[in-house]
Amino acid sequence: MNRPLRILHTEAAKGMGGQEIYILRHMQVMRARGHEVALLCQPDARLATLARDDGFTVHTLRMGGMARLMRGIWSVSRLVRRERYDVVNTTSRRDTLIAAAGARLGRTPLVVRSRHLMSPVNSLLTYTGLPHRVITVSRFVKQLLAERGIASDTIGIVPPIAVPPRWTDIRKDDPWQCLQDVRAEVRAELGFSDEDIVVGCVAVLREPKGHADLLRAIAPLCKANPRLHLVVVGNGEAVMQRLLEMREEHGLQQQVHLLGYRDSACRLMTGFDIFALASHKEAAGTVFLEAAYVAVPIVATRVGGVPEMVAEGSNAILTRLGDNGALTAALRLLVDDPQRRQMMGRAGWDWMRTAHDFSPAGHGETTEHYYHQWLKELGHG
């Protein structure tokens, strides 16, 4: 049996998106497996509050600017020497420049850079010069990194975690009935009846998430069916304004519901009949796993790591990016066929309960495998 590790995760972002959710879930999994896990982030980061409230040790450091960079490197070197971490796992470019350099200076045995995005890599320094190894979330992103010049054998893949919703513990004897009960509660809260068909989208409101494409694709279906609704959960001022304008242009004020940010987004998804996301790019997409976990069929674009997060043809229909007609047709197929919706939703539900790679146990095992393998390769077995 491998020994428990002392691990420090770092993140420079102050907001709370998919990357930060991945980090928090990862930390929880590794702690549950017996490792000592701590976090280094900026003082006003949302992740700092959530991690601290969950009982993690949180170290804070202002990041940004050359003066802070130099001070930060020295501070991290002292921190890792004092705490004697086995692994420092960085996340974004800014914290990697500080934490990876500081960890190297402090002689941390293993420095790992995580990559949760599929945007172009501008500098190889934070992937090859400072960290020893790289972890990413999908085969697609690993291929992108390899094409950029990062040695393939230094890159590991650890997919996102599909976490069972906490409210499924209410009725462990019959989780399917529990899901139906929560679905009924959510639909009542949102004001939808059994006759309404709800297409939902949960994603931060940024242009690459394709919200405008989705609204454009569903508009003719809404006009043809007054019981069809689009619910959008997420915030982002510029895209929100655009969606408000489009809703008015199409005369869909009663059928397009823009809810903004919601803490209970995963619970809200139980009230959807269809989950839809027309992303222009996606490294992986934890939200697709969450939709599957609550038995909601998926319509999405075939981009990035999305095909690795769904069972295409079973619980999901994928369309080509930019083909709005195909997106409309995929939505229509499910809108018009409640039996198909139920069959695909149940397929996703069953899949999530057998897909070990996406489970907390599978995630932890894979991460441990890489950490210990790389420590041995670097002479710290």
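What radius of gyration would a compact globule with 381 residues have, and what does the chain have? I looked this up before anything else.

**Entry: overall size**

A compact globule of 381 residues would have a radius of gyration near 21 Å, and the chain has 22 Å, which agrees. I took the radius over C-alpha atoms, and the globule rule is 2.2 Å times the number of residues to the power 0.38.

I note that this is a predicted model, where local features need pLDDT of at least 70, side-chain atom pairs count only at pLDDT 80 or more, and totals for chains, interfaces and linings use all residues. Residues are numbered from 1 along each chain as its sequence is written, and side-chain values use heavy atoms, leaving out hydrogens and water.

I looked up the span of the C-alpha trace along its principal axes: about 65 × 45 × 35 Å. The chain has 15 helices and 13 strands. Both are DSSP runs numbered from the N terminus: helices are H or I with at least four residues, strands E with at least two.

Buried residues make up 54% of the chain. Buried means under 20% relative accessible area, exposed over 50%, and partly exposed in between, with a 1.4 Å probe and protein chains only.

I then checked contacts (heavy atoms within 4.5 Å). Among those between residues at least 6 apart in sequence, 64% join residues at least 24 apart.

**Entry: helix α2**

Which residues of α2 are buried? In this helix, residues 46–53, I found Leu47, Ala48 and Ala51 buried. Seen down the axis of α2, the buried residues fall within an arc of 100°, so they line one face of the helix. The arc is that of the directions from the helix axis to the C-beta atoms.

I looked up what covers these buried residues; the cover includes β1 (6–11), α1 (18–32), β2 (36–41) and β3 (57–60). Just after α2, Gly55 takes a positive phi of about 95°.

**Entry: positive phi**

Most residues other than glycine have a negative phi. I found Arg84 with a positive phi, near 55°. Arg84 sits in the loop between α3 (66–83) and β4 (87–90). Arg84 is exposed, with a relative accessible area of 66%.

Arg107 also went into my notes, with a positive phi of about 60°. Its loop runs between α4 (93–105) and β5 (110–115). Arg107 is exposed, at 70% relative accessible area.

**Entry: the cavity**

How many cavities of 30 Å³ or more does the structure hold? I found one. On a 1 Å grid over the protein atoms alone, a cavity is a set of points where a 1.4 Å probe fits but cannot get out; a pocket is an open set with protein on both sides within 12 Å along at least five of seven lines; lining residues have an atom within 4 Å of a point.

The largest cavity has a volume of about 80 Å³. Its lining includes His9, Tyr22, Ile23, His26 and Tyr371. α1 and α15 (360–377) each give two or more residues to this lining. The largest share, three residues, comes from α1.

**Entry: the second largest pocket**

I looked up its volume: about 350 Å³. The second largest pocket is lined by 20 residues, and Gln180, Arg183, Asp273, Ala295 and Gln342 lie nearest its centre. α7 (175–190) and α14 (338–352) each supply at least two lining residues. The largest share, five residues, comes from α14.

Notes
Points joined across faces, edges and corners; volume = space filled by probe spheres on them.
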